[in-house]
Amino acid sequence: FPENDGKSIGWQTVVYDISIFKFPVPVFRGPKGMKDIRFIEYADGCIGVFSRPQGGSAGRGTCAYLECDSIHTLNTEKLSGASFISSPDRNSWEGINQPFIIGRDRVGLLGHMAWMEKGEIRHYYAVVSEFSRKTLKKTPWCIIACRNDLPIGPSKREDLTDVLFPGGLEFISAREAVLYLGVSDTQAWECRITNPFPDIYA
């Protein structure tokens with residue numbers, strides 16, 4: 001969408017009902033400027049929503065969570081009332097890229113953790129955590145990949161050299177998974193890693 005200055009472009013998450021693929025119907029529009037809104041459906045039919053508020057007490061970007069009965073009842077007002085589940089310092093930010101059902105009330109989280117160096121040099125890491133639906137708390141992030149783990153390659157800009165952005169996890173077995181990554185805003189990689197959520201195969 002056009003920003004207020006009429007020159008730059010902003011972003012907005014829009015969720016579509018594609019039950020009739022040729023005629024997608026928008027069912028939810030997130031707040032303007034909010035990235036990394038992720039959904040997960042539990043066995044009881046409830047929808048878990050992980051959001052990424054910014055500004056004010058959320059700082060550069062934190063993770064929040066709420067539940068709703070249906071995506072059709074979700075709106076930006078409800079999303080703004082989501083509970084914070086992380087608290088990065090003022091020079092850092094975090095986001096959830098993919099949630100996974102581990103058990104009845106346990107959710108595995110694939111995410112990114114980032115911080116800004118002087119000169120607006122960005123540093124991004126692929127991380128995992130476990131979230132409890134009962135307590136609304138997550139474990140500390142654990143880094144599973146950083147830029148130095150991969151061969152040297154091109155970068156879109158100098159300030160994006162040390163950037164990994166996780167695109168998803170594919171579980172091969174209780175021991176192994178494939179991590180998909182965007183690298184330095186100009187490459188795409190896949191890496192074989194130790195499965196961070198072996199309980200999925202339990």
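Rings of Phe, Tyr and Trp (its six-membered ring) count as an aromatic pair if their centres lie within 6.5 Å; planes under 30 degrees apart are stacked, over 60 edge-to-face, and the rest tilted. By this rule the structure has 9 aromatic pairs. This is a predicted model, in which local features need pLDDT of at least 70 and side-chain atom pairs count only at pLDDT 80 or more, while totals for chains, interfaces and linings use all residues. Residues are numbered from 1 along each chain as its sequence is written, and side-chain values use heavy atoms, with hydrogens and water left out.

**Aromatic rings**

- A pair of aromatic rings is described by the distance of the centres and the angle of the planes.
- Phe50 and Phe131 form an edge-to-face pair, with 5.4 Å from centre to centre and 80° between the planes.
- Phe50 lies in strand S4 and Phe131 in strand S9 (residues 121-132), so this pair ties together parts that are 81 residues apart in sequence. Strands (E, at least two residues) and helices (H or I, at least four) are DSSP runs, numbered from the N terminus.
- Phe50 is buried, with a relative accessible area of 0%, and Phe131 is buried at 1%. Buried means under 20% relative accessible area, exposed over 50%, and partly exposed in between (1.4 Å probe, protein chains only).
- Ring pairs link Phe50, Phe131 and Tyr65 into a cluster.

**Strands and sheets**

- Strands of a sheet pair through backbone hydrogen bonds, either parallel or antiparallel. Here two strands count as paired if DSSP finds at least two bridges between them.
- An open sheet is formed by 3 strands in the order S12-S13-S14, with antiparallel pairing.
- Strand S12 (164-171) and strand S14 (187-194) are at the edges with a single partner strand each, so one side of each has no neighbour in the sheet.
- From one strand to the next, the twist averages 25°. Axes are lines fitted to C-alpha atoms (for helices, over the stretch in contact), and angles run from 0 to 180 degrees between N-to-C directions.
- Strand S13 (residues 176-183) pairs with S14 over 8 bridges, and Leu181 stands opposite Trp189 in S14.
- Strand S7 (residues 92-101) has 8 of its 10 residues buried.
- S7 pairs with strand S8 (residues 106-117) in the antiparallel sense over 9 bridges, and a hairpin of 4 residues joins the two.
- Gly95 has His112 in S8 as its bridge partner.

**Two buried loop residues**

- Asp159 lies in the loop between strand S11 (142-145) and S12, and is buried at 12% relative accessible area.
- The side chain of Asp159 makes polar contacts with the side chains of Arg122, at 2.6 Å, and Arg157, at 2.9 Å. A polar contact is a pair of N or O atoms within 3.5 Å; within protein, one must be able to donate a hydrogen and the other to accept it, and residues adjacent in sequence count only if both atoms are side-chain atoms.
- Ala58 sits in the loop between strand S4 (47-51) and strand S5 (64-68), and is buried at 6% relative accessibility.
- Beyond residues up to four places away in sequence, Ala58 touches Pro53 and Phe84. Contact means heavy atoms within 4.5 Å.

**Cysteines**

- The structure holds 0 disulfides, a disulfide being a pair of cysteine sulfur atoms within 2.5 Å.
- The sulfur of Cys46 is 6.5 Å from its closest cysteine sulfur, in Cys68, which is too far for a bond.
- For Cys63, the nearest cysteine sulfur is that of Cys142, 15 Å away.
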